[in-house]
Amino acid sequence: VFREVPFSILRDGRYIEGRIDLLFEHGGEWNAVDYKTDDITGDAVDERFRAYRTQGAIYLAALEQIGIHCSNGLAFYFVRPDETRILMPDDDLLGYARELIDRVGADGQRR
């Protein structure tokens, strides 16, 4: 079990850094959780989940880069209203993350 796992992605001499809330191994498989404390109702969870897709894609790509595949996906746990949504690390999502990473310039701004 690892909490607040820092990561850095090096791409073409540029770094993207972040922190994954929870990473743990269970039954030989890696799992990741990102806690969301947005004060939302159950009706807004799916919309917020879509808004966090980019963040989740980058987290999963960072883990893949160091050889950790979260076959169960990245769980976004919305504390209020106590609901979870799972982002699965398929080829399309990881490709999307790599494209985003490639577009970030040395100053951290998107190109």
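In this predicted model, D38 has a relative accessible area of 12%, and because buried means under 20%, D38 counts as buried. The side chain of D38 meets that of R48 in a salt bridge, with 2.2 Å from N to O. This pair links distant parts of the chain, since R48 belongs to helix α1 (residues 45-51) while D38 sits in the loop between β3 (29-36) and α1, ten residues apart. R48, for its part, is partly exposed at a relative accessible area of 33%.

**Other salt bridges**
- The structure holds five salt bridges, one of which joins K36 and D34 with their closest N and O atoms 2.7 Å apart, and both of these residues are buried.
- Another salt bridge pairs R85 with D46, the closest N and O atoms being 2.6 Å apart; R85 lies in strand β5 (residues 83-87) and D46 in helix α1, so parts that are 39 residues apart in sequence are tied together.
- R85 counts as buried at 18% relative accessibility, whereas D46 is partly exposed with a relative accessible area of 36%.

**Overall fold and surface**
- The protein has three helices and five strands, which run β-β-β-α-α-β-β-α from the N terminus on.
- Of the 111 residues, 41% count as buried, and the accessible surface comes to about 6,700 Å², with 46% belonging to carbon and sulfur atoms.

How values were computed
Residues are numbered from 1 along each chain as its sequence is written. This is a predicted model: local features need pLDDT of at least 70, side-chain atom pairs count only at pLDDT 80 or more; totals for chains, interfaces and linings use all residues. Side-chain values use heavy atoms; hydrogens and water are left out. Helices (H or I, at least four residues) and strands (E, at least two) are DSSP runs, numbered from the N terminus. Buried means under 20% relative accessible area, exposed over 50%, partly exposed in between (1.4 Å probe, protein chains only). Accessible areas come from the Shrake-Rupley method with a 1.4 Å probe; for residues, only the protein chains shown count as cover. A salt bridge is a side-chain nitrogen of Lys or Arg within 4 Å of a carboxyl oxygen of Asp or Glu.
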